[in-house]
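Please keep the coordinates open while reading.

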Amino acid sequence: MFSWVSKDAKRKKEPELFQTVSDGLRKLYRTKLLPLEETYRFHEFHSPALEDADFDNKPMVLLVGQYSTGKTTFIRHLMEQDFPGMRIGPEPTTDSFIAVMHGDQEGIIPGNALVVDPKKPFRKLNAFGNAFLNRFMCAQIPNPVLESISIIDTPGILSGEKQRISRGYDFAAVLEWFAERVDRIILLFDAHKLDISDEFSEVIKGLKNHEDKIRVVLNKADQIETQQLMRVYGALMWSLGKIINTPEVVRVYIGSFWSHPLLIPDNRKLFEAEEQDLFKDIQGLPRNAALRKLNDLIKRARLAKVHAHIISSLKKEMPNVFGKDNKKKELINNLQEIYHKIEKEQQISPGDFPNIKKMQELLAGQDFTKFQPLKPKLMDTVDDMLKSDIAHLMTMVRQEEAAMPSQSVKGGAFDGTMNGPFGHGYGEGAGEGIDDVEWVVAKDKPTYDEIFYTLSPVNGKVTGASAKKEMVKSKLPNAVLGKIWKLADVDKDGFLDDEEFALANHLIKVKLEGHELPADLPSHLVPPSKRGTLA
């Protein structure tokens, strides 16, 4: 009886099926989240509606920093190529937002034309008006780096109230718009000027809720001595700690990101390691793009739900006939109490609520009588999306990642640090002796042999127990020594001969010098007597 009821309920609980993660995110947003946003005027308070291009576009990297910190030079360094509209100099040169994107033909698309292109994710930027659009352009160029990512260059941040007013548009609001849509935000600082201006501080605070995307680069670090560099790094961390309110320490990459010779080469190895770490982070963006979009949609859905509770609460408190204006002023002034009430009733985290001052300013220009009361059906639909559909998409994200394991940024500076003898770590640590004809361990083998024969080898080999007594003298943890034993016992017989024992000691030295152990024994470290005998 009434079998159709149970079938309908079952259909409701089952997550929707999608072909790809991007397709799924687009459909979920349109059918489940967008109706809630439109009902409670979310777009007038927080962020414009998302479009197809927001779900389909390549990962984007946003560069932010004060003037002359090397933002444009950083982009040129990554691509190893100039791009249209590029200007570099010690004075404030870049006065526009430049979206550096891939194109078959080199050229510039002006802002007004850019925001009407449905294939580009910039259509909603027309809300910032001509003052901004005249300072916005897209530089298209056929470059292999841009086949995987797009890069947004921004005007240098200056100090003083005059600079903020003279722009003619809300600079911080534009950056916040980009922050919501990009995959990585790189804050650049010059090692010579760490003062964080008022506008820069305002910008960084505007990036709240996007801390997971932020990376910091301390640029031009080759121009100061090691002792000064330590002080500059400490001062930068102290300054950032006052602005970025997170319990974790923000990741700072130190180096000089351009192709010029190092002025002070003392920290060359540090700069190489830092550059490699930053490049790996950027190269992982295409593979993690779907997960980033999924994460951003979840954050947006949570904010939209909180916003709906705020708007419906204000509507509920409004009188039907008289005293509407006075009540509106009272509600705006008491918005903090409304926040607390919603927080307790709905069990919502305080961190999910929008900035109260900004909300009060926006509410002042709204007609509260046109607000909608709470509609449980719309809220339930978004809850259902977060509980079942998003979980299904998470599974699809992992499947898509597994299907594209080699997807990463290629070309430009990324290739220069990966291939050949100038790749990071080449010829160091476990890679020492990689190009030598002689076995690299042989030079220290006489010393290791003296120790080997004090361990009373039987038939030319020492037992694990005997080797352990000597190896633990290194004070390395058992887990590390166990890995060294596994690498050194090349023939896997549970004993070490003189060559294997020398190899074990060589690997101990590698680890004590601060290098990582290889997952598998490199061919140049295999003892000469074992070469050709292993399958």
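## Helices α5 and α12

In this predicted model, helix α5 (residues 71–79) packs against helix α12 (residues 268–283) at an angle of about 80 degrees, and their axes lie 13 Å apart. The two helices α5 and α12 are therefore roughly perpendicular to each other, since angles of 65 to 115 degrees are placed in that class.

On the α5 side the contact is made by Phe74, His77 and Leu78, which meet Glu275, Leu278, Phe279 and Ile282 in α12. Sorted by class, the residues of the contact of α5 with α12 comprise five nonpolar, one polar and one charged.

## Helices α19 and α22

From α19, the residues Lys445, Tyr448, Asp449, Ile451 and Phe452 take part in the contact, while α22 contributes Asp498, Glu499, Phe501, Ala502, Asn505, His506 and Lys509. The class division for the contact of α19 with α22 is five nonpolar, two polar and five charged residues.

## Helices α20 and α21

Which angle do the axes of helix α20 and helix α21 make where they cross? The axes of α20 (residues 464–471) and α21 (residues 478–488) cross at roughly 130 degrees and come within 12 Å. That angle makes α20 oblique to α21, and the crossing of α20 and α21 is right-handed.

The residues that meet here are Gly464, Ala467 and Met471 in α20 and Leu481, Ile484 and Trp485 in α21. The contact of α20 with α21 has five nonpolar residues, one polar residue and no charged residues.

How many cavities of 30 Å³ or more does the structure hold? There is one such cavity, and the space in the largest cavity amounts to about 40 Å³.

The lining of the largest cavity consists of Glu51, Ala53, Asp54, Lys120, Pro121, Phe122, Arg123, Lys124, Trp177 and Arg181. Two helices, α4 (52–56) and α9 (171–181), each supply at least two residues of that lining.

Methods: Residues numbered from 1 in each chain as written. Predicted model: local features only at pLDDT ≥ 70, side-chain atom pairs only at ≥ 80, totals over all residues. Heavy atoms only, no water. 1 Å grid on protein atoms, 1.4 Å probe; cavity = no way out; pocket = protein on both sides within 12 Å on 5 of 7 lines; lining within 4 Å. Points joined across faces, edges and corners; volume = space filled by probe spheres on them. Helix = DSSP H or I, 4+ residues; strand = E, 2+ residues; numbered from the N terminus. Axes fitted to C-alpha atoms, helices over the stretch in contact; angles between N-to-C directions. Parallel < 35°, antiparallel > 145°, perpendicular 65-115°, else oblique. Left-handed = near helix turned anticlockwise from the far one by under 90°. Contact = heavy atoms within 4.5 Å. Nonpolar A, V, L, I, M, F, W, Y, C, P; charged D, E, K, R; others polar.
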